[in-house]
Protein chains: 2
Amino acid sequence: MSDSPPLPPADWPVMEPGWVWLCGAGPGDPGLMSLHALNALRQAEVIVHDALVAPHILGWARPGAELVDVGKRGGRPSPKQHEISLQLVELARAGRRVLRLKGGDPFMFGRGSEEARTLVRHRVPFRVIPGITAGIGGLAMAGIPVTDRDVNQAVTFVTGHDPSGDTPPLDWAALARASPVIVIYMGMRTISRIAEALIGAGRAPGEPVAVVRNASLPDQQVLETTLARAAADIAAAGLSAPAVIVIGRAVLLRQALEWPAMAAGQPTRNPEPPGPGRPAEAP
Amino acid sequence: MSDSPPLPPADWPVMEPGWVWLCGAGPGDPGLMSLHALNALRQAEVIVHDALVAPHILGWARPGAELVDVGKRGGRPSPKQHEISLQLVELARAGRRVLRLKGGDPFMFGRGSEEARTLVRHRVPFRVIPGITAGIGGLAMAGIPVTDRDVNQAVTFVTGHDPSGDTPPLDWAALARASPVIVIYMGMRTISRIAEALIGAGRAPGEPVAVVRNASLPDQQVLETTLARAAADIAAAGLSAPAVIVIGRAVLLRQALEWPAMAAGQPTRNPEPPGPGRPAEAP
């Protein structure tokens, strides 16, 4: 393992043969990966990874490690979830040291719970390594704080579609009243229906919305729009998945906190963005 | 910097004098810290940290770095938030390389947005480094997935108290209907009132609840209880902050996914825990 990256001094867990480590790689930027994830990359013999895991991260794998891509890629059919889970079981039973590496966090709409349950059912020993989820860390990389004392005491994360591809069977009217900030994963195809439901339940059509694509990566794109215009603006901008959508006044704080732009020398757009006591302005 | 821990090969950001890096250290386990956080520790001349940041992490600081503890510690009064923000401004203006290191994620009920806004107002350049939040990663270390395809398509994170110490002014009745899984930060003192509000809005008194204290650390404690009994059971167990409370059927999955116990050789409690179609059983 002499070629794989070093770790700071600590009592790092050892990956035993026949184990699966279920690990989140974070939103994309390799620097947002955890030290435990790096420790896993140094030891794994097989890495079963999603399309969302950046090549730079896979470049830190133990030399000779086998990379198995189970992500969706242009045109090619991707393996079904159940097949992926069973593949993990088979690799472990063959005595391999298996790293299941996912984008974001494995338990945050990542199907990690499903995979872990399959491992338990087949008595495969495993470890879980959480990761930074795009709905928090990816938004931070766009200058959007998911919570702010002056904006919200609650934030809700939802998946944009259920297994059939439709919007999930949530009580959208209750959600509209319950949560000032709503973060949607995998919602690019259903945002028009979700926005309609939220507006129907009383959320303002002009409520600020941001779409963050490829969060934390060099080609990160951010679209600021409103609830009423989100679907049309996403289409007009040609934005596609993977993206995180955030709804709520937290988006206005980006006017002050767009730190990557400021770090690159751009001036602050608005050092005193509208707080909860000031009316939201449509962009 | 020869004594500070190494990093894998990448184009790591350089901390310039007069900058503040606002960084999350994760739930506690040093291995759950990001590589960017380690890169920050290697460079910072001053580290302004919370009580929640583990000593092991601070041990990875650049030799000679000044450590400023602004966390709450038994008896001693802690600095007010505004004072901390202004201290960051002053340190940056003095030309120091400043790391503001917080437990969890800086934007997830971490007052990071408030500090960033103060930095902007005072034209102090800054960078944000997200972290793994205890409400996701800490629960994962207790074997509780915040989402599972068979359990919930939404999860809501709330703070247990508003600035006055009371429960925050949320529409708890709407929240009870909107979000199958609710994760409460800083809710140990208000859980009885929150549980009452949720039960009043129709959530089952026997709904499963877990309390995870010192999540991800060697002295992690987990209490499984119910909505009706949570406050009494917390008191009886003598549990105190810092702890994350999770409400919902996700807690039942711990019967299968309590991986740290299984990794230590204990058998699975229940490889087929109750799914959404099966009635919850009070513990």
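1. Aromatic pairs. Over all chains of this predicted model, a search of the whole structure finds 7 aromatic pairs. Rings of Phe, Tyr and Trp (its six-membered ring) pair if their centres lie within 6.5 Å; planes under 30 degrees apart count as stacked, over 60 as edge-to-face and the rest as tilted. One cluster, linked by ring pairs, holds A:Phe109, A:Phe157, A:Tyr185, B:Phe109, B:Phe157 and B:Tyr185.

2. Basis. The model is predicted, and local features need pLDDT of at least 70, side-chain atom pairs count only at pLDDT 80 or more, and totals for chains, interfaces and linings use all residues. Residues are numbered from 1 along each chain as its sequence is written, chains are lettered from A and ligands numbered from 1 in the order in which they are written, and side-chain values use heavy atoms, with hydrogens and water left out.

3. Charge over ring. The charged end of A:Arg127 sits over the ring of A:Trp21, 5.3 Å from its centre. In chain B, B:Arg127 lies over the face of B:Trp21, also at 5.3 Å from the ring centre. The criterion is NZ of Lys or CZ of Arg within 6 Å of the ring centre and within 35 degrees of the ring normal.

4. Nonpolar cores. A nonpolar core is a set of buried Ala, Val, Leu, Ile, Met, Phe, Trp, Tyr and Cys residues joined through side-chain atoms within 4.5 Å. Buried means under 20% relative accessible area, exposed over 50%, partly exposed in between (1.4 Å probe, protein chains only). The largest core has 147 residues, of which A:Phe157 and B:Phe157 touch the most other members. A second, separate core of 50 residues includes A:Ala178, A:Met188, A:Leu239 and B:Ala195.

5. Contacts of B:Phe157. Leaving aside residues up to four places away in sequence, B:Phe157 touches residues of both chains, among them A:Met108, A:Val155, A:Phe157, B:Ile136, B:Val183 and B:Tyr185. Contact means heavy atoms within 4.5 Å.

6. An open sheet of 10 strands has mixed pairing and the order E9(A)-E8(A)-E10(A)-E7(A)-E6(A)-E6(B)-E7(B)-E10(B)-E8(B)-E9(B). Helices (H or I, at least four residues) and strands (E, at least two) are DSSP runs, numbered from the N terminus, and two strands pair if DSSP finds at least two bridges between them. Strand E9 (221-226) of chain A and strand E9 (221-226) of chain B stand at the edges with a single partner strand each, so one side of each has no neighbour in the sheet.

7. Pairing at E6. Strand E6 (residues 154-159) of chain A and strand E6 (residues 154-159) of chain B pair in the antiparallel sense over 5 bridges, with A:Val155 opposite B:Phe157. E6(B) and E7(B) pair in the parallel sense over 5 bridges, and B:Thr156 stands opposite B:Ile182 there.

8. Strand E7 of chain B. 5 of the 5 residues of E7 (residues 181-185) are buried, so this strand is largely enclosed by the rest of the structure. B:Val181, B:Val183 and B:Tyr185 point one way, B:Ile182 and B:Ile184 the other.

9. The parallel sheet of chain B. This open sheet has 5 strands in the order E3-E2-E4-E1-E5; strand E3 (66-69) and strand E5 (126-129) are its edges, each pairing on one side only. Strand E2 (residues 46-49) joins E3(B) through 4 bridges, and B:Val48 has B:Val68 as its bridge partner.
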